[in-house]
Amino acid sequence: MDAAAVTFALLTLAFAAVARGLSRLSLTAPIAFVGAGAALSLVVSAPELDAVLPIRLVAEICLALVLFAEAAHVQPRQIRADGFVIARILVLGLAVSIGLGFLSVRLLLPDLTLLGALLLAAALAPTDAGLGAPVVTSPRVPPRIRRLLSVESGLNDGIVLPIVLFAVAGLAGGAGQPGPVEAVLAPLAGAGIGAAVGVGGGRLLGWSVARDLSTPRTRGLGVLGLAGLSFFLAHWVGANGYVSAFAAGTAFAAASVWNEKDRAALELVETIAEPLGFAVWLVFGLVAVPLVVTEAGWRELAVAVLSLVVIRTVAMWVALLGTGFRMPTVLFVGWFGPRGLVTVVFVLIALESLQVTEAGRGAVAAAVLTVLLSVVAHGLSAEPLAAHYGGWVARARPGPETPSRPGAVGGSTTRNG
């Protein structure tokens, strides 16, 4: 354990020293730590699947913080500005992604049960905008497109989570685990707890701002406390902590009355989540490469490629059909749906709750391979494709991707080819 901690600390220090240089090469933090883990797997024995379960606590806390922060960053006015398009992406797009994913898994991995196929399809549906950070932060990409990708990533993991938990509970029901009914009730209870914590915390901190009783630094600690309270309180009473953290972030965004400067308090949550994510990616790299080498064949590779390239693009095409977005935008949005930390945590949840059969190992290998390919492909392509797409938007005639007037975000939704 001490050797592992020292190794992680040294790698974190090394990354911090060269992070800007790596970014110039389009090498993101996930690529760096997954690569480091893969390199370590060549000199140390890769742990068995069961042996990586202790990292789940780190991954759980990291995911709870990410869920809270992503949801809190989605302001109600952002949803109102593109509510129709966002609703189509989150409802229709996710439904098509899961549906097509389920069909592809059933076709390519026929030994999986129906619930197993649903679990894999749902685990591969959520996106992680952090893997393509240059896209959602690049000024070359129109604000409306950046907002759509950010809001989608901030909300789709919380929407998919109950489906994953339902499938896990159904598969484990015969082993004394909570059944499907409990898997539905627990997220509902978590949503209620999270909403109460988010609203109460947002109002309390807003009250302190109005009376000048706190500082931005202490409010950052308060926001971190809200994220932790929502997650651990839900666990304590038997509700779902992930849903609670997600609901708390959403409710906090709606209830808080801070100005934009004070919203920097969310940075503390993200700062703490970042090194936790590094640890998860390092362990993922240590396990992923040996697992892919030993377990993944052409069927698992086909599942991964279909999920990243075909299914995501088709889902976005269906979701954006009739909204006026042109094909280059549909393809751009379709490609930048990286699979990342959320999928990794969903796999860890399944590993802890289920006995992994031979068919299950193939499903785990497919999920791991999908994330591995996404980390590399989306990380390396984010900067150049953002620049290319931004150039196309600048040259193209006005459409829904571009402002219709100076200072506007979005524009006309009239179809322009």
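Let's start with Ile 55, which is found in helix H3 (helices are DSSP runs of H or I with at least four residues, numbered from the N terminus). This is a predicted model, where local features need pLDDT of at least 70, side-chain atom pairs count only at pLDDT 80 or more, and totals for chains, interfaces and linings use all residues. Residues are numbered from 1 along each chain as its sequence is written, and side-chain values use heavy atoms, with hydrogens and water left out.

Is Ile 55 buried or exposed? Ile 55 counts as buried because its relative accessibility is 16% (buried means under 20% relative accessible area, exposed over 50%, partly exposed in between, with a 1.4 Å probe and protein chains only). Along the sequence, Ile 55 and Phe 284 sit 229 residues apart, yet C-alpha to C-alpha they are 9.7 Å apart in space.

Here's who touches whom, where contact means heavy atoms within 4.5 Å. Neighbours up to four places away in sequence are skipped for Ile 55 and for Trp 281.

| Residue | Contacts |
|---|---|
| Ile 55 | Ala 279, Val 283 and Leu 348 |
| Trp 281 | Pro 30, Phe 33, Val 34, Leu 131, Gly 340, Leu 341, Val 344, Val 371 and Val 375 |

Now for the cores: a nonpolar core is a set of buried Ala, Val, Leu, Ile, Met, Phe, Trp, Tyr and Cys residues joined through side-chain atoms within 4.5 Å. The largest one has 94 residues, and Leu 120, Ile 145, Trp 281 and Phe 284 touch the most other members. Helix H16 gives the most to this core, with 13 residues. A second, separate core has 18 residues, including Ala 69 and Leu 266.

Methods. Helices (H or I, at least four residues) and strands (E, at least two) are DSSP runs, numbered from the N terminus.
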